[in-house]
Amino acid sequence: TLYWNEINEKLIKDYKKYIQSEKTETHDISKEIVPLKDKTISHKIKVIGTIINLAYDEEIINEKINVDRIAKIESHKEENEENLIALTEDEINNLLNLELKGKKEQTRDLFIFQYITGQRYGTINGIVLNKENPTIIADKTGTTINIKRLIEADKTLKKICEKYDYKLPNVSSVTANKHLKEFGKSIGLNE
């Protein structure tokens, strides 16, 4: 049982740490168990904040807590951008030469497709390409990109498209990230 007088800023911060490290949800597409998104965590904290503010307004509790500040999830974008690396052609060839099966093979093929077409992962995952007039519909902008000439010009890309009969496999980003880290170690990348 939790009493109103036990609710304070430290409790809310501890709850935030708990849901950031312990709570999971089922991914909409892959049905895999994944960590909660930052937006979901922030929303959960803000809901608690609404209840706390109502309790303060009704004089049930004496301390007003700045839950919006606690709910804010710090962006680590700049920090992550420093860790970006570009693969060399030799490293891409080493990745292509790895003997893989199942989801690992699909992950590698999707990554290579992404590398060749210059598309982000979310645009590629699960796309069905039309064999006669292959296009990619960017999921964020809705822009249609015709890649027929690119497929014709690049034998690796053509091989991947034909391998899956122009229906790219669906691999969650969580699974892909895990596999890509393994691939990096296999081909001798340090990070």
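The crossing of α5 and α6 is left-handed, a label used when the near helix is turned anticlockwise from the far one by less than a right angle, with clockwise giving right-handed. This is a predicted model, in which local features need pLDDT of at least 70, side-chain atom pairs count only at pLDDT 80 or more, and totals for chains, interfaces and linings use all residues. Residues are numbered from 1 along each chain as its sequence is written, and side-chain values use heavy atoms, with hydrogens and water left out.

Back to that helix pair. The axes of α5 and α6 come within 10 Å and cross at roughly 150°; axes here are lines fitted to C-alpha atoms, for helices over the stretch in contact, with angles from 0 to 180 degrees between N-to-C directions. On the α5 side, Ile92, Leu95 and Leu96 meet Arg108, Phe111, Ile112 and Tyr115 of α6, where contact means heavy atoms within 4.5 Å. By class, that contact has 6 nonpolar, no polar and 1 charged residues.

Now the wider picture. The protein has 10 helices and 4 strands, taken as DSSP runs numbered from the N terminus (helices H or I, at least four residues; strands E, at least two). Of its 191 residues, 31% count as buried, that is, under 20% relative accessible area, with exposed over 50% and partly exposed in between (1.4 Å probe, protein chains only).

The largest nonpolar core has 23 residues, and Leu95, Phe113 and Leu129 have the most contacts inside it. A nonpolar core is a set of buried Ala, Val, Leu, Ile, Met, Phe, Trp, Tyr and Cys residues joined through side-chain atoms within 4.5 Å.

| Helix | Residues |
|---|---|
| α5 | 89–96 |
| α6 | 102–117 |
| α9 | 155–163 |
| α10 | 173–186 |

The biggest giver is α6, with 4 residues. Apart from this core lies another, of 13 residues, including Ile7, Ile45, Ala55 and Ile61.

Take Ile45, which is found in helix α2 (residues 38–57). Ile45 is buried, with a relative accessible area of 0%. Leaving out residues up to four places away in sequence, Ile45 touches Ile12, Tyr15, Lys16, Ile19, Val67, Ile70 and Ala71. For Ile45 and Ile12, 33 residues apart along the chain, the C-alpha atoms are separated by 7.6 Å.

Technical notes: Nonpolar A, V, L, I, M, F, W, Y, C, P; charged D, E, K, R; others polar.
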